[in-house]
Amino acid sequence: MQGFRERYGAGPLHLLALLASLAVVAYALSRSLELTSNPERLLVWMGGSIVAHDFVLLPLYATLGVIAAVALLPSGGGSRLRIAALNHLRFPALASGLLLLVWYPLIGGPAERTFMRNSGLTKDVYLDRWIILSAALFALSAAVFALRYRGLRRGT
Amino acid sequence: MRLPDVGPFGEGFWRSPLRGPWLASVLSTVLLPLIAVCALTGFASHWAYDTDVGANAVWGGAAAGNGFDLYGFDWPASPPWLYAATQGLHVVTGVAAIPLLLAKLWTVIPKLFENPPLRSPAHALERLSLVFLVGGALFTFASGVINIQLWYPFGFSFVPAHYYGAIVMLAALLVHVGLKLPVMVAAFRQRGLTAPLREDLDHTEPEPGLPEFHTSAPHGAVAPTLTRRALLGGVGAASAGLALMTTGQVVGGPLADLAVLAPRGRGRGDGPNDFPVNKTFAAVNIPADKVGPDWRLLLHTPDERRAELTRDELLAMELVTAELPIACVEGWSTTQAWTGVRLSALARLAGVDEPRELDVRSMQPGGSLDRSTLNRGQVTHPDALLALRVNGADLSLDHGYPARIIVPALPGVKCTKWVGKLVFS
């Protein structure tokens, strides 16, 4: 038993649980590939979703965050006021970006033709609404920042 | 084998003081119930399609490839709001989980660049399983969100891909939860369940990590610019905001105004037929003369035609009005007052006193919705109607004129429009 642990790196239950799980994964993947048209495109989407998130989306927003922090905070950390300013910028920015990410097909327009045809709606409102909502989020955040401004100055 | 300490593989690369096992555990504690509800209601939707009945197979032809048909019993026809509730929950929990999933992935991203990348066969196997967990989760959520917005860029069939993608995710998730439970317990023991939420910025220290586990806690963190309370508050607000937006299109009424970006929050006006349409008449290519005065409803048994009715003859039968929601698989629903003839009355007219199944045929040419089979409970329910009117007016072409099916708790896509033929057996 101790020999197994040393060679494998964990107990036998660990191995059994993972093998069982991977067996179900293999079954589900093979079924989906068998049942769908263009199975190679399904694989591209599944693999691509990891690449798109881990190597594009996350580095993108993390880098933007670092740029904002470098621009606003002096090296070695900033005053409370500057830190608050950074946060009042990145919260609405993240919220607006999240809305774009989730509702991109409607906001960005790739779904427009099918959506209009199927729903019978005639006016595409989603891009306008996203812009208005984003502007409102930034404005709200700025207003709260203005209210906090005095207290934050005193705190430094 | 250790990789060179460059870029993300280096120890000092990931410097946020907020990352670590406590944050990951808190996010998982909220995320898990959402995924559980989303998964259960997703399987409920598969059940609601009654894929083993008649022509309902959703993929791969009759009897083959309908997923885990372990249900064995028919989807019920009451309460009438059942499918609106389960499918509404499915879409609301799914959309609300997205910010939590993204935050969780942000928290554990250093683990993707663990160094050494493979410590043992056990570690290698676990990391392989994580590829399927992350890939399955991102794919399932992304495909669902894209599908409810009626964008079909996949080039493959959505239903089996979303269904089996979810199973890939869940199989990997189950073992992940089992393996990480000790880490979660240790993290909560070390830092307290909620104590870190009370720290202000001056007291926000980097997570120390756990001695007996490899975690995402940082080495050489920078000074904090955010409290854990603010980070989790922001994620929670984003999740709640998205939930509210999608709830608007499920519940309707005054809440529909909250569905500012959700696809189905909008009606088309105040008229009796102005509630949302899934697929307009123009989108399905039915020749106009087929829905004109020459339209006849054909009543069949599997072997022969038993009757042929004009719309006026149908309107002269005993009419029933029922307030019923129609709930779409995309997660929106709308309750209207439908008037029509009971399906059981039409069954008797076809000479079938105790119908077991009803195969409904639309005049819609092709497509997956041109045909659906109702189970015994659905055909015999007193509120199961061939609707001719809605809210006191004739159905509009977009809502299925001359006649459509409306049955309590039946998924909207199976409430067939532009009905041409009913086959009772």
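Reply: Read along its sequence, chain A runs α-α-α-α-α-α-α. In other words, chain A has seven helices and zero strands. The radius of gyration of chain A is 24 Å, well over the 15 Å that the globule rule gives for 156 residues, so this chain is more spread out than a compact globule. Please keep in mind throughout that this is a predicted model.

Along the principal axes, its C-alpha atoms fill a box of roughly 65 × 60 × 20 Å. Of the 156 residues in chain A, 21% are buried. Among the contacts in chain A with a separation of 6 or more, 51% link residues 24 or more positions apart.

How confident is the predictor about chain A? The mean pLDDT there is 91, and 96% of the residues of chain A reach 70 or more. Within chain A, helix H4 (residues 80-102) has the highest confidence, at 95, and helix H6 (residues 112-119) the lowest, at a mean of 81.

Now for the place where chain A meets chain B. Chain A gives 55 residues to the contact, and chain B gives 66. On the chain B side, the elements that supply two or more residues are H2, helix H3 (121-148), helix H4 (158-191) and H5 of chain B. H3(B) has the largest share of that side, with 14 residues. Sorted by class, the side of chain B that touches chain A holds 45 nonpolar, 15 polar and six charged residues. For the complex, the predictor gives an ipTM of 0.95 and a pTM of 0.94.

Chain B itself is divided into domain 1 (7-257) and domain 2 (281-424). Taken over C-alpha atoms, the centres of these two domains of chain B are 39 Å apart. In the contact between them, 28 residues of domain 1 of chain B meet 25 residues of domain 2 of chain B. On the domain 1 side, helix H1 (21-48), helix H2 (82-112) and helix H5 (228-251) of chain B each give two or more residues. H2(B) gives the most to that side, with seven residues. By class, the side of domain 1 of chain B that touches domain 2 has 16 nonpolar, 10 polar and two charged residues.

H2(B) is mostly covered, with 24 of its 31 residues buried. There is a kink of about 40° in H2(B) at Trp106(B), shortly before the proline Pro110(B).

The loops around these helices hold some backbone details. Most residues other than glycine have a negative phi, and most peptide bonds are trans. In the loop between H1 and H2 of chain B sits Pro79(B), and the peptide bond from Ser78(B) to Pro79(B) is cis, with omega near -5°. Another cis peptide bond runs from Asn115(B) to Pro116(B), with omega near 0°. Pro116(B) belongs to the loop between H2 and H3 of chain B.

Further along, the loop between H3 and H4 of chain B contains Leu150(B). Leu150(B) has a positive phi of about 60° although it is not a glycine. Is Leu150(B) buried or exposed? It counts as buried because it has 22 C-beta neighbours inside 10 Å. Asn391(B) lies in the loop between strand S7 (385-390) and strand S8 (393-394) of chain B. Its phi is positive as well, near 50°, in a residue other than glycine. With 15 C-beta neighbours inside 10 Å, Asn391(B) counts as partly exposed.

Finally, how far can you trust chain B? Its mean pLDDT is 91, and 95% of its residues reach 70 or more. One stretch calls for caution: pLDDT stays under 50 over residues 61-65 of chain B, where the model has six contacts beyond four places in sequence.

Methods: Residues are numbered from 1 along each chain as its sequence is written. Chains are lettered from A and ligands numbered from 1 in the order in which they are written. This is a predicted model: local features need pLDDT of at least 70, side-chain atom pairs count only at pLDDT 80 or more; totals for chains, interfaces and linings use all residues. Domain bounds come from an automatic or database domain assignment. Two residues are in contact if their C-beta atoms, placed from the backbone, lie within 7 Å. Helices (H or I, at least four residues) and strands (E, at least two) are DSSP runs, numbered from the N terminus. Ala, Val, Leu, Ile, Met, Phe, Trp, Tyr, Cys and Pro count as nonpolar, Asp, Glu, Lys and Arg as charged, and the others, Gly among them, as polar. The radius of gyration is taken over C-alpha atoms; the globule rule is 2.2 Å times the number of residues to the power 0.38. A residue is buried if 20 or more other C-beta atoms lie within 10 Å of its own, exposed if 12 or fewer, and partly exposed in between; C-beta atoms are placed from the backbone. The bend at a residue is the angle between axes fitted to the seven residues ending there and the seven starting there. pLDDT is the predictor's confidence in each residue, from 0 to 100.
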